[in-house]
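Dear colleague,

Please find below the structure that I am handing over to you. My notes on it follow directly after.

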Amino acid sequence: MFKRFTKIALSAALITTLASAAGNDIQAEKDRIALQNYFIEKFSDPLGDSANYFPYVEPEEIKNDYIWSLELEDFKDGYSAFHKPKREQLAQVNEFPPYMISLEEGEELYKTPFANGKSYNSCFKTPAVKQNYPRFDTERNEVITLGQAINECRTENGEKPLRYKKGDIAKIMAYMAYESRGNKIDVKIPSAEAEMAYERGKKYFYKQQGYFTLNCYECHVDGAGKRARAEVLSPILGAATHFPVYRIKWEGLGTMQRRLSGCVRDTGVEQPKAQTKYLKELEYFVTYMSNGMKINAPDTRK
Amino acid sequence: MLKTIILTTSATLLLLSGCASSSGPGSVKGVGDQNVYQAIEAAEKRYDDIGEIEGLIPWRNTKSHIKNAKEHVRKALELAQEAKYEADMAIKESDEFDKTWQDAVPK
């Protein structure tokens with residue numbers, strides 16, 4: 001019953017959004033609704049549908065450890081959305097969030113004026129802009145990530161650019177994300193060139209490659225909720241809401257470009273550098289899939 | 001791993017094409033002007049020349065250097081072949097997956 005209701009609701013949302021789509025995002029909206037629909041259906045009755053979605057997970061584990069009937073917003077928590085032990089661990093870790101010190105440093109970095117007296121606010125007006133990134137610049141015809149926009153703001157004001165994956169840039173982005181909390185991701189596809197960038201990002205996500213002939217889909221759509229050895233795999237839906245994250249493995253904050261770069265490497269290819277066209281367009285697609293979801297970054301992950 | 005293969009292969013190809021510089025502190029005069037096979041052959045010939053001179057004993061590492069040089073060439077060729085195979089496979093699979101990736105997109 002719930003599943004039917006959800007499907008009807010999503011179909012209605014699809015009709016509404018398609019009607020309001022400007023033209024360049026019609027396919028993207030279809031993709032987004034289909035993906036969100038897939039995840040909601042997948043976790044609406046994991047035990048009943050286990051043959052379809054979790055063929056190698058013990059029914060006992062699904063019964064005891066999985067959380068059922070998820071709503072769209074729940075996916076902001078990654079695998080903690082549907083896995084009880086992980087959700088408890090996340091709640092415990094976030095009693096004293098390990099990213100708090102970096103977050104405070106990020107606020108200070110953001111508010112410290114440049115040598116010329118201007119500041120990040122001269123470029124962004126407000127720190128609460130995460131929901132609009134990555135954005136497609138129709139004059140330059142390229143995807144601009146938040147990290148790139150921060151560094152362009154710095155260089156335009158005579159400052160040196162920061163390293164893209166961690167450190168100060170992640171702290172500044174964490175502060176901006178914190179200020180954006182509660183805002184819904186609203187990535188736009190404003191032109192035909194933007195649509196092409198989206199389509200390339202989509203292809204990078206779904207196309208198998210590398211030594212292991214893997215694609216992102218294998219682990220983060222079909223594999224979400226299954227295991228890779230002892231690890232529960234996270235869903236792509238909602239991934240963009242919680243970056244930058246404090247990863248225990250990293251012992252610090254890292255940007256989405258850092259995570260994507262590592263994830264792509266794990267398919268068995270050379271690790272792409274941050275802010276390459278490939279990674280920017282992949283981030284564009286991945287973030288678009290979480291359109292409409294509320295930002296809850298920064299957060300903590302294993 | 002792949003980076004190591006590519007770096008090693010690049011270095012070997014430079015040697016094989018006779019482009020290696022002979023100006024480094026550890027280089028031997030004249031070696032950089034030859035390709036790697038000629039260099040090994042020249043070393044072997046010179047090593048044999050020592051045997052022709054009565055009472056002259058080769059330096060202690062000469063023979064093992066020649067042996068190691070041959071082994072390195074063999075390994076470099078294997079790595080180059082492996083790198084070529086991987087590059088071929090990446091292109092071949094990319095062509096195949098270009099036809100199928102759409103199947104994975106949730107409809």
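Which side chain does the side chain of Lys202(A) join in a polar contact? The partner is Asp31(A), at 2.9 Å; a polar contact is a pair of N or O atoms within 3.5 Å, where within protein one must be able to donate a hydrogen and the other to accept it, and residues adjacent in sequence count only if both atoms are side-chain atoms.

Two remarks on conventions come before the rest. This is a predicted model, in which local features need pLDDT of at least 70 and side-chain atom pairs count only at pLDDT 80 or more, while totals for chains, interfaces and linings use all residues. Residues are numbered from 1 along each chain as its sequence is written, chains are lettered from A and ligands numbered from 1 in the order in which they are written, and side-chain values use heavy atoms, with hydrogens and water left out.

Lys202(A) belongs to helix H10 (residues 192-206) of chain A; helices (H or I, at least four residues) and strands (E, at least two) are DSSP runs, numbered from the N terminus. Its relative accessibility is 2%, so Lys202(A) counts as buried (under 20% relative accessible area, with exposed over 50% and partly exposed in between; 1.4 Å probe, protein chains only). Beyond its neighbours within four places in sequence, Lys202(A) is in contact (heavy atoms within 4.5 Å) with residues including Phe285(A), Trp101(B) and Val105(B).

The interface between the two chains

Chain B contributes 12 residues to the contact and chain A contributes 15 residues. About 1200 Å² is buried between them, 68% of it from carbon and sulfur atoms; buried area is the accessible area (1.4 Å probe) that two parts lose on being put together, summed over both. Phe97(B), Trp101(B) and Pro106(B) supply 49% of the area that chain B buries against chain A, more than any other three residues.

Two salt bridges cross this interface, a salt bridge being a side-chain nitrogen of Lys or Arg within 4 Å of a carboxyl oxygen of Asp or Glu. One of them pairs Lys203(A) with Asp98(B) at 2.8 Å, N to O. Lys203(A) lies in helix H10 of chain A and Asp98(B) in helix H3 of chain B, so the pair joins two chains. Lys203(A) is partly exposed at 27%, and Asp98(B) is partly exposed at 33%.

Helix H13 of chain A

Helix H13 (residues 277-289) of chain A spans 19 Å from its first C-alpha to its last, close to the 18 Å expected for its 13 residues (1.5 Å times one less than the number of residues). Of these 13 residues, 11 are buried, among them Lys280(A), Glu281(A) and Phe285(A). The cover over the buried residues of H13(A) includes helix H2 (26-42), H8, H10 and helix H12 (256-265) of chain A.

Further side-chain pairs

Asn151(A), in helix H8 (residues 146-156) of chain A, has a relative accessibility of 3% and therefore counts as buried. A polar contact of 3.4 Å links its side chain to that of Tyr164(A).

Over all chains, the structure holds 27 salt bridges. Arg140(A), Glu142(A), Glu152(A) and Lys280(A) are linked in a network of them. In chain B, Arg74(B) and Glu71(B) meet at 2.7 Å, N to O, in a salt bridge; they are three residues apart in helix H3 of chain B, and therefore separated by about one helical turn.

With kind regards
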